[in-house]
Amino acid sequence: MRKIAVLTSGGDAPGMNSAVVAVARTAAHFGMPLIGIHRGYNGIIHYESRLMEALEAKMTEVVTEPAEKALVGQIFEAVRARASVALPDMRPLLRKYRGQFALYEHFSDFVAEYPVFRKDLISLDLDTQLDIQARPGTHLHTARCLEFKDPANQMLAALTLTAIGVEGVVVVGGDGSFNGASKLCGFGMPCIGIPGTIDNDLTYTDMTLGFDTATNVCLRSAREVRATSRSHDRPHILEVMGRNCGDIALRTAIASHAEVCLVPEVPWSVEEVARRLQEAIDMGDSSALIVVAEGAYESMADFDVYGLLMAQGKQCFPGEPMTAHRLADCLKYMCKDADGHRAEVRATVVGYTQRGDSPTTFDAVFAFESGNMAVKLLLEGKENLVIGIKQNRMFSMPISQALEMQRDIKGHFNRAQYDTIQDMNSALPTR
Ligand code: ADP
Ligand code: F6P
């Protein structure tokens with residue numbers, strides 16, 4: 001294998017840089033140059049007609065069979081049309097002539113000839129990359145690239161990478177990014193996925209890269225919030241990330257001994273939360289912590305936020321969604337503190353700081369092992385795989401299988417752990 005590339009896509013996650021460094025070190029170990037792709041799939045969908053003409057000429061020259069020459073013609077006709085209809089199957093051709101279609105020996109010659117790629121494709125040399133391994137965020141930048149859902153752009157990306165001699169791509173991202181990787185494989189560009197997302201919303205793996213770090217940030221916030229809540233005898237709501245998955249909330253709730261945890265996977269109602277909060281206050285727990293996942297409002301039973309808040313003289317507009325701060329306001333009017341006054345419930349939204357910390361030891365090790373494994377898999381000629389971790393051991397499986405497992409995202413949730421927290425609440429000791 002001559003050269004590989006790496007990109008990060010979807011929401012950034014702590015440990016992405018560390019994974020890129022692991023890919024860089026492993027590639028260097030096997031003597032392969034590494035290309036970094038900026039801004040997820042955005043970095044490889046520039047249409048440069050001169051480059052495509054040069055690639056067509058090169059491919060026509062390299063292939064030997066007349067049928068193959070005809071196929072090359074069809075491929076570039078489709079590229080020029082920039083349309084996603086009836087795209088030819090390039091896989092057999094790219095597999096058979098892997099590496100032989102490269103137009104440039106040196107990447108610097110390529111970007112000198114086509115400056116449009118200068119911003120998005122970079123040669124990742126090991127020394128500079130080592131500096132970023134402990135940094136949060138993603139040095140390669142990330143983006144949501146809706147254009148990549150268009151097969152014409154997927155084909156263009158595979159051809160662009162082929163032109164610069166890339167023979168495999170490591171994609172660090174979530175299930176959306178894996179979908180993209182699978183499409184790129186469909187156009188003959190081998191890809192291996194590393195699960196990089198703080199949400200832990202990938203069913204096939206126990207943990208995703210960044211989840212442990214994000215949870216540690218939330219736990220720190222939970223402890224800080226507890227300290228001030230205790231000082232003021234106030235209950236507190238802590239909202240953490242997780243659009244479809246309550247794992248960050250669940251783990252934070254367990255680690256911080258939260259009294260209530262609200263997640264998208266389990267239906268709940270404001271009345272029940274108010275009842276449990278009141279029960280806690282009545283038992284002497286004046287600083288109960290309610291950890292809520294941002295996606296949990298989706299599983300909330302209908303509740304007239306507007307009616308309740310307006311009746312209390314609070315400004316609110318009909319149809320406004322529930323938020324952490326509104327939930328705090330509602331509970332304020334639904335619960336009484338130990339002196340019979342309104343419970344002074346407060347709310348904190350942890351927000352993007354969850355994505356901004358340096359990777360924990362767990363995530364750094366995960367990043368190292370997955371980056372290393374991804375390169376080795378590509379070297380073994382494997383493709384269309386994702387890497388995961390089960391019982392502290394790394395494994396790989398077909399992307400299609402991993403994506404199929406996503407259908408049961410709710411089944412991934414650790415309901416037993418969740419029930420333990422909820423059950424504990426009704427047996428709170430007097431403080
Ligand atoms: P995540 O990877 O964290 O799940 P997204 O769902 O936003 O994040 O997906 C990241 C990117 O992956 C998208 O912006 C798009 O470029 C690419 N992608 C997502 N779904 C597809 C798809 N069905 N086909 C091709 N590319 C996709
Ligand atoms: O990385 C996943 C996630 O953090 C979700 O929990 C959150 O809803 C989303 O990304 C927000 O990301 P952005 O605002 O960057 O789209």
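Ligand 2 sits in the largest pocket. A pocket here is worked out on a 1 Å grid over the protein atoms alone, as an open set of points where a 1.4 Å probe fits, with protein on both sides within 12 Å along at least five of seven lines; a molecule counts as sitting in a pocket if more than half of its atoms lie within 2 Å of its grid points. The model is a predicted one, with local features needing pLDDT of at least 70 and side-chain atom pairs pLDDT 80 or more, while totals for chains, interfaces and linings use all residues. Residues are numbered from 1 along each chain, chains are lettered from A and ligands numbered from 1 in the order written, and side-chain values use heavy atoms, with hydrogens and water left out.

Around ligand 2 (a heavy atom within 4 Å) are R144, I198, D199, M241, G242, R243, E294, Y352 and R355. Sorted by class, that makes three nonpolar, one polar and five charged residues, with Asp, Glu, Lys and Arg counted as charged and Gly as polar. Some side chains make polar contacts (pairs of N or O atoms within 3.5 Å). An oxygen atom of ligand 2 is 2.7 Å from a side-chain N or O atom of E294. R144 places a polar side-chain atom 2.8 Å from a ligand 2 oxygen, and R355 has a polar side-chain atom 2.8 Å from one too. On its own, ligand 2 exposes 400 Å², and the protein buries 78% of that (Shrake-Rupley areas with a 1.4 Å probe).

Ligand 1 also takes up space in the largest pocket. Its shell holds 16 residues, of which R144, C145, G174, G176 and S177 come nearest. Helix α8 (residues 175-186) gives the most to this shell, with six residues; helices are DSSP runs of H or I with at least four residues, and strands are E runs of at least two. The shell splits into three nonpolar, nine polar and four charged residues. Backbone atoms take part here: a backbone N or O of C145 lies 2.6 Å from a ligand 1 oxygen, and a polar backbone atom of G174 is 2.9 Å from one. From the side chain of D175, an N or O atom is 3.1 Å from an oxygen of ligand 1.

Elsewhere, the count comes to 11 aromatic pairs, meaning Phe, Tyr or Trp (six-membered) rings with centres within 6.5 Å, called stacked under 30 degrees, edge-to-face over 60 and tilted otherwise. The Y41 and F148 rings are stacked, because their centres are 4.1 Å apart and their planes at 10°.

Methods
Polar contact = N/O pair within 3.5 Å; in protein donor to acceptor, adjacent residues only side chain to side chain. 1 Å grid on protein atoms, 1.4 Å probe; cavity = no way out; pocket = protein on both sides within 12 Å on 5 of 7 lines; lining within 4 Å.
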